[in-house]
Amino acid sequence: MMTKDKLRQLTGDERLGQMRESEYLGAEDIDDGTEPVLTIAGLWYGSVTLQRGKENKDVLSFKEERVPGILQVRPLIVNSTNRKTLRKLFGDAKASTLVGKQIQLYVDHNVRDPQDGGMTDGIRIRPYKPRVQKQEPVPPCTDCGNPIEAAMGKNAHWLAAYTAKNYGVPLCAACAQKRKEAVAAAEMQQETENVAEVQQDSSPESFTVDPDTGEVL
Ligand SMILES: [Zn+2]
């Protein structure tokens, strides 16, 4: 591209709006379809520089520098909607209450733009504790000791939980299959034995018939 400015071409997963040079977090910083979870590091108040001039604002800073969904975490200016959500979520909006707490952000596409009155995107805080929970590490397979890996369209966590429920221990897909076959074989064996017993029971006992009277002796 011919221009005197130094531009860098975006490729792959890089997207428009992501490289914004702003002091504060904006809706454009959040990847589509993600709801980043951030840990509150501090509460701030003061004059912040906005497009429309300087205004006194509440600001939250965060512990994370980068999380899934946000390439570069910046402080968030807290508007009245989000302040209300924080109060509802944690009981009050005190520094002693909020520092260290996790919040889940999402982009609301129907926020009224204070400049032109139209609709714009805004960052909102979910009115519930983050649901993106940190999962416990998946235990290794009890039978072979190897890591349990995703299989048959199920992830490792699901497989570990499913096998623990069905076999009493977490198993990899291969070992679960072996156990399943072993159980089936044992059942087959049992069935064969039962059939054999039944046949024995019903086998006619030896008896003698009196050739003259036809009576069973
Ligand atoms: Zn295994």
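The model is predicted: local features need pLDDT of at least 70, side-chain atom pairs count only at pLDDT 80 or more, and totals for chains, interfaces and linings use all residues. Residues are numbered from 1 along each chain as its sequence is written, and side-chain values use heavy atoms, leaving out hydrogens and water.

**Surface patch**
- Leu10, Leu16, Met19 and Leu71 make up a nonpolar surface patch, with about 350 Å² of accessible area together.
- Accessible areas follow the Shrake-Rupley method with a 1.4 Å probe, and for residues only the protein chains shown count as cover.
- Leu10 sits in the segment before β1 (37-50).
- Leu10 counts as partly exposed because its relative accessibility is 30%; buried means under 20%, exposed over 50%, and partly exposed in between.

**Arg74**
- The loop between β2 (53-62) and β3 (76-78) holds Arg74.
- Arg74 is buried, at 7% relative accessible area.
- Its side chain makes a polar contact of 2.9 Å with the side chain of Asp29 (a pair of N or O atoms within 3.5 Å; within protein, one must be able to donate a hydrogen and the other to accept it, and residues adjacent in sequence count only if both atoms are side-chain atoms).
- The Arg74 side chain also reaches the backbone oxygen of Ser22, at 3.2 Å.
- Leaving out residues up to four places away in sequence, Arg74 touches several residues, including Tyr24, Leu25 and Phe62 (contact means heavy atoms within 4.5 Å).

**Lys57**
- Strand β2 contains Lys57; strands are DSSP runs (E, at least two residues), numbered from the N terminus.
- Beyond four places in sequence, Lys57 touches residues including Trp44, Tyr45 and Ile77.

Key. Patches are made of residues with over 30% relative accessible area and no salt bridge: like charges are joined within 9 Å, nonpolar side chains (Val, Leu, Ile, Met, Phe, Trp, Tyr) within 5 Å. A salt bridge is a side-chain nitrogen of Lys or Arg within 4 Å of a carboxyl oxygen of Asp or Glu. Helices (H or I, at least four residues) and strands (E, at least two) are DSSP runs, numbered from the N terminus. Buried means under 20% relative accessible area, exposed over 50%, partly exposed in between (1.4 Å probe, protein chains only).
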